[in-house]
Amino acid sequence: MDAMTLLHQRSSMGKLMGPAPGPEQMEAIYRAALRAPDHKELRPWRFIEFTGEGLVRLGELFAEAEYREDPAIEDSALDAVRKKPLRAPMVIAVIAKVTPDVPKVPKLEQVISAGCAAHGILLAAHAQGLGAMWRSGKYAFDPTVRKGLGLEEEDELIAFLYLGQLGGRHKPIAEHNIGDFVERWT
Ligand SMILES: Cc1cc2nc3c(=O)[nH]c(=O)nc-3n(C[C@H](O)[C@H](O)[C@H](O)COP(=O)(O)O)c2cc1C
């Protein structure tokens with residue numbers, strides 16, 4: 001797939017099946033992530049890759065967060081929460097690893113940089129014929145989940161990227177009118 005086709009056609013896939021991407025595919029994916037624009041080369045990111053039992057542990061963490069918020073929650077609802085990460089054979093948590101007080105590189109820039117790394121992962125997955133979907137949801141902001149994944153105070157959990165083999169067809173890509181978003185000063 002040529003680069004412009006990839007940029008124009010990347011699309012999310014929520015239906016994902018096993019097997020998880022293999023080591024060579026993952027190396028290509030992380031290399032793409034590490035090419036994100038990065039002011040002062042802070043490398044403001046951390047990736048946690050969950051597969052197999054790791055996905056189960058992530059689900060437990062989500063369930064703990066839910067229970068903390070609502071101790072009266074029904075078992076069936078808690079079970080549904082526990083199963084969320086099992087929607088894919090692999091989940092990557094993308095964490096913006098923020099270095100505070102860096103001159104000229106405020107937290108916002110570091111978080112954007114980590115977001116670009118996440119986009120690199122989506123693009124590299126799509127380029128290799130894999131399916132991927134960026135999800136965040138309330139667990140990305142939950143203190144129990146943040147603590148369980150070892151985030152420091154300044155860090156931000158910006159994505160749970162679900163990855164796997166395509167489990168369906170990509171939806172048609174929405175056509176946008178470029179003129180609605182672009183102003184030109186000439
Ligand atoms: C920061 C961020 C968080 C997102 N979180 C969710 C989510 O929790 N659940 C969801 O269904 N889609 C979420 N999305 C949107 C999907 O990843 C996807 O971009 C959207 O469905 C549009 O599909 P497309 O990427 O094929 O255009 C999120 C996107 C971003 C950028």
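Which residue of β3 is the bridge partner of W45? In β3 that partner is A96, and the sections below place this pairing within the rest of the chain.

## The model and its annotation

This is a predicted model, in which local features need pLDDT of at least 70 and side-chain atom pairs count only at pLDDT 80 or more, while totals for chains, interfaces and linings use all residues. Residues are numbered from 1 along each chain as its sequence is written, and side-chain values use heavy atoms, with hydrogens and water left out.

An unreviewed UniProt entry carries the annotation "domain: Nitroreductase" for residues 21-164; such annotations, given here in the numbering of this chain, may be inferred rather than shown by experiment. Helices (H or I, at least four residues) and strands (E, at least two) are DSSP runs, numbered from the N terminus.

## Strand β3 and its partners

Strand β2 (residues 45-50) runs antiparallel to β3 and is joined to it by six bridges, and seven bridges join β3 to β5, again in an antiparallel arrangement. Two strands count as paired if DSSP finds at least two bridges between them. V94 has A159 as its bridge partner in β5.

Seven of the seven residues of β3 are buried, where buried means under 20% relative accessible area, exposed over 50%, and partly exposed in between (1.4 Å probe, protein chains only). M90, I92, V94 and A96 point one way from the strand, whereas V91, A93 and I95 point the other way.

## The largest nonpolar core

A nonpolar core is a set of buried Ala, Val, Leu, Ile, Met, Phe, Trp, Tyr and Cys residues joined through side-chain atoms within 4.5 Å. The largest one has 24 residues, of which M26, I29, I92, V94, I121, L161 and L163 touch the most other members. Two or more residues each come from α2 (23-33), β3 (90-96), α5 (107-127) and β5 (156-166), and α5 gives the largest share, seven residues.

Leaving aside residues up to four places away in sequence, L163 touches residues including L16, P21, M26, I29, I92 and I121, with contact meaning heavy atoms within 4.5 Å.

## Helix α3

Helix α3 (residues 53-69) has 17 residues and reaches 25 Å from its first C-alpha to its last, close to the 24 Å expected at 1.5 Å a residue; the expected span is 1.5 Å times one less than the number of residues. Among its buried residues are L55, L58, F62 and E66, and what covers the buried residues of α3 includes β2, β3 and β5.
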